[in-house]
Amino acid sequence: MKTFIKPQLSDWSTLTSRPTKKSQDLQKIVLAIFDKIQSKKDEALIDFTEQFDQVRLTSLEVSVEEIEEAKTLISEDLKKAIQLAASNIEKFHISQREEIKVIETTKGVNCWRESRGIENVGIYIPGGTAPLFSTTLMLGIPAKLANCNNIILCTPPNKKGKIDPTILYTADLIGIEKIYKIGGIQAIGALTFGTETIQKVDKIFGPGNQYVTAAKQVAQNFGIAIDMPAGPSEVLVIADETSIPKYVAADLLSQAEHGIDSQVILLTTNEQILNKTIVEINTQLEVLPRKEFAAKALENSKGIVLNSLEECISFSNIYAPEHLIFACETAENYIKQIRNAGSVFLGNYSCESAGDYASGTNHTLPTNGYAKNYSGVSLDSFIKKITFQKLSAEGIQNIGPAIELMAEAEKLFAHKNAVTLRLNDLKK
């Protein structure tokens, strides 16, 4: 981890930058793969899976037998843990349902809004070195609550052509039936265009590396909506003299272990806390099974001493982290100052892992600074809002003359006439 002691404001722009691959290079790769999927469909998916995942599949779809087998490979304790997380996630997301409110804007003019689930949604679950079965809960549960008709899950297979059993168990637990052994750019391409086996969707959800993120962004050019540009994981921790260095170090490492392209930032008002945290990072790093991933990510990470907690928040708002841990006893006093963050964790005991798994909030969050203009996934992500209005005879009489005047001023006389005809009939 690189350290910086009270850098000048002019240096903040550089310090808040993220390590990324050139977008033009990524787009070229994505478009080349998309082109082959459009023309060769399933055949292209099988070829790309062999190229990138080193396995030649005979079937893209996960069978019922594979799901049943997966259930036998998971301990009862883990099943209970997943069920606890599922319950909390469902509680939090079901609370986001809105009641229908009919508003009478003018006497005789009633307006309201209703929600409808997006019909076809694709869920991408990262696999590879860290099969994120928890993401299945985070995306599958709100999709089911939103009553999406078709939920299609894609996740990369291992070299034996198998999907991690926890992903299969979790998907089955929450009622996802269409599961496919396909990952990376090719999975996003399949969901974008459809193939003989995989249905085209209306919106794609799920985190991933820079390649998956680039593929989702390109998919928008083909009329597909996405949840957000969710790329490599990141965390920013704000600490002061009330913080506990071993906790701070553990939180930083919990994100660093996601992958070599992850980034972690520590902001503190206390140089001693910075130094103690770095010692803890080095100690804890040695015993991590994913030490190599975390160590590589730490090369792109920073520990920065600033003058005050207010400065730390200002820096954080510029960086706009996916996860913000405010590891201070007075954290709640600063909530209103936090403008840009995917999800915020307050105090010494609110570890980011809680949000990743079982507190109930969603862990699919905007990265790469997109927390400035995107929210994390919620129930709203899976629904559309449709407005309704009903005018009575009294209602059209009350607002009709205003409509006529406005339509005529815009020289849209057919608009005016649609009102005039009704008003004339009512006069009779």
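## The three-stranded sheet

In this predicted model, three strands form an open sheet in the order β2-β3-β14, and their pairing is antiparallel. Two strands count as paired if DSSP finds at least two bridges between them. The helix and strand names are DSSP runs numbered from the N terminus (H or I and at least four residues for helices, E and at least two for strands). At the edges sit β2 (103-106) and β14 (383-391), each pairing on one side only. Neighbouring strands here are turned by 30° against each other on average, ignoring direction. Axes are lines fitted to C-alpha atoms, for helices over the stretch in contact, and angles run from 0 to 180 degrees between N-to-C directions.

Now for the pairings themselves. β2 and β3 (residues 109-117) run antiparallel and are joined by three bridges. Glu104 has Asn110 in β3 as its bridge partner, and Ile103 has Cys111. The hairpin of these two strands has two residues between them, and Gly108 there takes a positive phi near 90°.

Helix α15 (residues 393-409) lies across β2, β3 and β14, running at about 95° to β14. Contact, here and below, means heavy atoms within 4.5 Å.

α15 also packs with helix α16 (residues 413-427), at an angle of about 145° and with the axes 9 Å apart. The crossing is left-handed, meaning that the near helix is turned anticlockwise from the far one by less than a right angle (clockwise would be right-handed). From α15, the contact draws on Ala393, Ile396, Gln397, Gly400, Pro401, Ile403, Glu404, Ala407 and Glu408, and these meet Phe413, His415, Lys416, Val419, Thr420, Leu423 and Leu426 in α16. By class, the residues of this α15 and α16 contact come out as nine nonpolar, four polar and three charged. In that scheme Ala, Val, Leu, Ile, Met, Phe, Trp, Tyr, Cys and Pro are nonpolar, Asp, Glu, Lys and Arg are charged, and the others, Gly among them, are polar.

## The five-stranded sheet

There's another open sheet, with five strands in the order β6-β5-β4-β7-β8 and parallel pairing. Its edge strands are β6 (178-181) and β8 (225-226), each of which pairs on one side only. β4 (residues 120-124) and β5 (residues 150-155) run parallel, joined by five bridges, and Asn120 has Asn150 in β5 as its bridge partner. Helix α6 (residues 133-145) lies across β4, β5 and β7 (203-205), at about 170° to β4.

Helices α10 (residues 245-256) and α11 (residues 271-285) have axes that come within 8 Å and cross at roughly 55°. That angle makes α10 oblique to α11, because angles under 35 degrees count as roughly parallel, over 145 as roughly antiparallel, 65 to 115 as roughly perpendicular and the rest as oblique. The crossing of α10 and α11 is right-handed.

On the α10 side the contact is made by Pro245, Lys246, Val248, Ala249, Ala250, Leu252 and Leu253, and on the α11 side by Ile273, Lys276, Thr277, Glu280, Ile281, Gln284 and Leu285. The contact of α10 with α11 has nine nonpolar, two polar and three charged residues.

## Buried spots

His93, found in helix α5 (residues 76-94), is buried, with a relative accessible area of 0%. Buried means under 20% relative accessible area, exposed over 50%, and partly exposed in between (1.4 Å probe, protein chains only). Leaving aside neighbours within four places in sequence, His93 is in contact with Pro142, Leu145, Gly360, Thr361, Asn362, Val377, Ser378 and Leu379. His93 and Val377 are 284 residues apart in sequence, yet 10.0 Å apart in space, C-alpha to C-alpha.

Helix α7 (residues 165-173) has Thr166, Ile167, Leu168, Tyr169, Thr170 and Ala171 as its buried residues. They pack against α4 (64-72), α5, α6, β5 and β6. After α7 comes Gly175, with a positive phi near 90°.

## The whole chain

Zooming out, the chain has 16 helices and 14 strands, and its C-alpha atoms fill a box of roughly 90 × 60 × 45 Å along the principal axes. Of the 428 residues, 49% are buried. Among contacts between residues at least 6 apart in sequence, 75% join residues at least 24 apart.

## Ground rules

Residues are numbered from 1 along each chain as its sequence is written, and side-chain values use heavy atoms, with hydrogens and water left out. Since this is a predicted model, local features need pLDDT of at least 70 and side-chain atom pairs count only at pLDDT 80 or more, while totals for chains, interfaces and linings use all residues.
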